[in-house]
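Open the model in your viewer and keep the selection tool at hand.

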Amino acid sequence: MSESDDQCTSEYFNSSVVRYRKRLDAQFYETPCEEMAMSLLGKILVRRLDDNTILRGRIVETESYLGHDDAASQSFKGKITPRNEPMFMKPGTAYVYFTYGMYHCFNISSKGDGAAVLLRAIEPLDNLDTMTSLRKQYRKGPKSQMKIKDLCNGPAKLCISFAIDIKSCNKQDLTSWDGMWVEEDENSKLIDTIVCSPRIGIKCEKKWQDKFLRYYIRDNPCVSKIEKIKMNELKYSQIKNLK
């Protein structure tokens with residue numbers, strides 16, 4: 001599948017040239033969870049595979065899990081287990097866990113004990129054929145052509161497309177590991193509006209179900225789900241600690 005087969009670009013990213021910049025450093029991740037989740041929007045996730053293939057995609061949707069007080073967080077009440085240990089490691093640590101007995105989800109630890117950001121959706125940019133091949137290995141039913149916007153529009157989908165799993169990626173330091181990192185992209189400054197809404201699939205105390213801790217770039221077609229009722233909008237320039 002070529003990139004011309006299906007377009008997955010928002011009004012904010014209409015340039016064919018993606019100008020990659022430096023890897024995000026430790027200072028970026030030393031940020032409160034909610035701010036980091038918003039600041040990650042527009043940044044570039046980079047994955048180097050074992051054969052040195054480089055995959056890149058723009059982060060377009062995230063969720064915050066705040067740790068001790070957050071009833072939806074795996075680290076609620078400060079609970080530490082072998083599974084969630086990366087949530088308590090230094091900010092910028094990859095936390096990958098298995099869910100539903102078959103899929104992985106990828107988080108990045110932030111400032112605050114037990115706090116982490118879940119990556120929910122990515123806009124594919126480089127080596128789409130490799131991403132498509134990885135996704136097809138897990139697809140059920142007929143292997144029909146997959147649209148670019150559907151490659152990474154969900155937390156499990158992006159893990160499959162980027163070959164992110166517990167064995168290879170969990171507990172890795174994204175500020176130094178050569179297998180995966182996040183890069184700055186000057187085009188992220190073109191983002192105009194972020195949508196804030198409740199997190200998806202949360203089953204816990206209603207107070208925490210309803211909190212607006214999910215963030216996505218408005219009008220980006222690669223977002224997993226568009227919220228039309230319970231939502232607020234925030235100008236990208238309003239993020240106080242934007243990196």
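This is a predicted model: local features need pLDDT of at least 70, side-chain atom pairs count only at pLDDT 80 or more; totals for chains, interfaces and linings use all residues.

**Stop 1**

Select Arg 47, Ala 163, Ile 164, Asp 165 and Ser 168. Of the 21 residues that line the second largest pocket, these lie nearest its centre.

**Stop 1: the largest pocket**

Move to Tyr 65, Tyr 97, Thr 99, Gly 201 and Ile 202. They lie nearest the centre of the largest pocket, which has 25 lining residues. Its volume is about 610 Å³.

Colour the contributing elements next. Strand 3 (54–65), strand 4 (94–99), strand 5 (103–109), strand 6 (116–126) and helix 4 (155–161) each supply at least two lining residues. Which element gives the largest share of this lining? Strand 4 does, with four residues. By type, the lining of the largest pocket holds 16 nonpolar, five polar and four charged residues.

**Stop 2: the nonpolar cores**

Select Leu 40, Leu 45, Phe 106, Ile 108, Leu 119, Ile 164 and Met 180. Within the largest nonpolar core, which has 64 residues, these touch the most other members. Strand 6 provides the largest share of this core, six residues.

Zoom in on Phe 106. What does Phe 106 contact, leaving aside its neighbours within four places in sequence? The list is Leu 45, Ala 94, Tyr 95, Val 96, Val 117, Leu 118, Leu 119, Cys 159, Ile 164, Leu 174 and Met 180.

Then switch to Ile 44, Ile 54, Leu 125 and Trp 181. They are among the five residues of a second, separate core.

**Stop 3: Asn 220**

Finish in the loop between strand 9 (214–217) and strand 10 (232–235), where Asn 220 lies. Is Asn 220 buried or exposed? Asn 220 counts as buried because its relative accessibility is 2%, and the cut-off for buried is under 20%. Show its side chain and the backbone of Cys 222. The Asn 220 side chain reaches the backbone nitrogen of Cys 222 at 2.9 Å.

Technical notes. Residues are numbered from 1 along each chain as its sequence is written. Side-chain values use heavy atoms; hydrogens and water are left out. On a 1 Å grid over the protein atoms alone, a cavity is a set of points where a 1.4 Å probe fits but cannot get out, and a pocket is an open set with protein on both sides within 12 Å along at least five of seven lines; lining residues have an atom within 4 Å of a point. Grid points are joined across faces, edges and corners, and a volume is the space filled by probe spheres set on the points. Ala, Val, Leu, Ile, Met, Phe, Trp, Tyr, Cys and Pro count as nonpolar, Asp, Glu, Lys and Arg as charged, and the others, Gly among them, as polar. A nonpolar core is a set of buried Ala, Val, Leu, Ile, Met, Phe, Trp, Tyr and Cys residues joined through side-chain atoms within 4.5 Å. Buried means under 20% relative accessible area, exposed over 50%, partly exposed in between (1.4 Å probe, protein chains only). Contact means heavy atoms within 4.5 Å. A polar contact is a pair of N or O atoms within 3.5 Å; within protein, one must be able to donate a hydrogen and the other to accept it, and residues adjacent in sequence count only if both atoms are side-chain atoms.
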